[in-house]
Amino acid sequence: MTLTVTEAQREFGAAVAYLDTATYGLPPRAAHEAMLAAERDRAAGLMAPAALDEAVTRSRESFARLLGVPADRVACGPQVSYFVGLVAASLPAGARILVADGDFTSLLFPFAARPGLRVRSVPLERIADEVGGGTDVVAVSAVQSSDGRVAPMDDLIGAARAHGARILLDATQAAGWLPLPAADVDWLVAGGYKWLLGPRGTCFLTGAPEALDALPAAGAGWYAGADIWDSVYGLPLRLAAGARRLDLSPAWQCWAGHAPALELLERVGTAAVHDHDVALARRFRAGLGLPPGDSAIVSVAVPGGTAERLRRDGVVATVRAGRLRCAFHLTTTEDDVDKAVELLAPLTGARPAG
């Protein structure tokens, strides 16, 4: 059964104007209660691991439906850097990696930390033009964490295909609100605790079959086994087929708290969430006299101490790269936006548009 944005908003209980999903997302009540219930069961000695495995499966399948990919091409782990590290480990010495200036370091460091890889950083706006015949992998965030700029994904995909380069897309700041070309990139990784509204400790990797097959199961443990509970002791190696061979053993309570959140996002639909989020961001921009944008994240120059002042007045945002970063998601309302604008306008000298 589908949900409207308004209906979905009733599932959240924040007591502040929350504009900080780019730092962490708010859980719907069912997700919050599921995670707490798992921890209560642990304290009571009643936790059932097999039942919590079902939450991992539900999360994998829900993420797959949100991104439009088969569930057997989705791996589950804890952090973006683990999956990016597998990509880095799969590359031969001398491979050339193209990245965007100032991108999030969980995407950059695994390449930079591996000896023998050649990493080149260019401005995001030029990244498609900088793809050349010597480029092996382009690694870029679909949406920049620092300021919400959206990568030129269509141009980038075209350039990569023309030059035989593979694409690793970090969708951590995009999955959940921005329609993504998951079927057209080689690898896509997404941390689950921001726009996908999960607890910290959930992450997904998907991609094209041949690109996933190229990744080493460097972190393989019992949870990557073909039959999970028959893979806990002894040789021979018996990994799962498909992307699940790249799974890491889950922090069960986190996945218990993620499955209901992903399923709620599914019921609303990415297209509806996108339209809602971007409309609120544009309302905010107009209120501060800024030009329209295409992102759910807005970065604003403000005096020092502004984030702390906003928090005292019931508006939560954060500072990144020296600017106030405001994020607008399913949990945000027009009243939240207007309250933030009212507080920020005197601090920024804004002249509302229109």
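Is Trp229 buried, exposed or partly exposed? Trp229 counts as partly exposed because its relative accessibility is 45%. (Buried means under 20% relative accessible area, exposed over 50%, partly exposed in between, with a 1.4 Å probe and protein chains only.)

This is a predicted model, in which local features need pLDDT of at least 70, side-chain atom pairs count only at pLDDT 80 or more, and totals for chains, interfaces and linings use all residues. Residues are numbered from 1 along each chain as its sequence is written, and side-chain values use heavy atoms, with hydrogens and water left out.

**View A. The loop that holds Trp229.** Trp229 lies in the loop between helix H7 (209-213) and helix H8 (252-256). (Helices, H or I of at least four residues, and strands, E of at least two, are DSSP runs numbered from the N terminus.)

**View B. Helix H10 and its cover.** H10 covers residues 270-287. Its 18 residues should span 26 Å at 1.5 Å a residue, and the end C-alpha atoms are 26 Å apart, which agrees. (The expected span is 1.5 Å times one less than the number of residues.) Buried residues of H10 include Val273, Leu280, Ala281 and Phe284. Among the elements covering the buried residues are helix H3 (49-67), strand S9 (297-300) and helix H12 (334-348). (Contact means heavy atoms within 4.5 Å.) Gly289 follows H10, with a positive phi near 75°.

**View C. Strands S5 and S6.** Four of the five residues of S6 (residues 166-170) are buried, so this strand is largely enclosed by the rest of the structure. S5 (residues 137-141) pairs with S6 in the parallel sense over five bridges. (Pairing requires at least two DSSP bridges between two strands.) Ser141 stands opposite Asp170 in S6.
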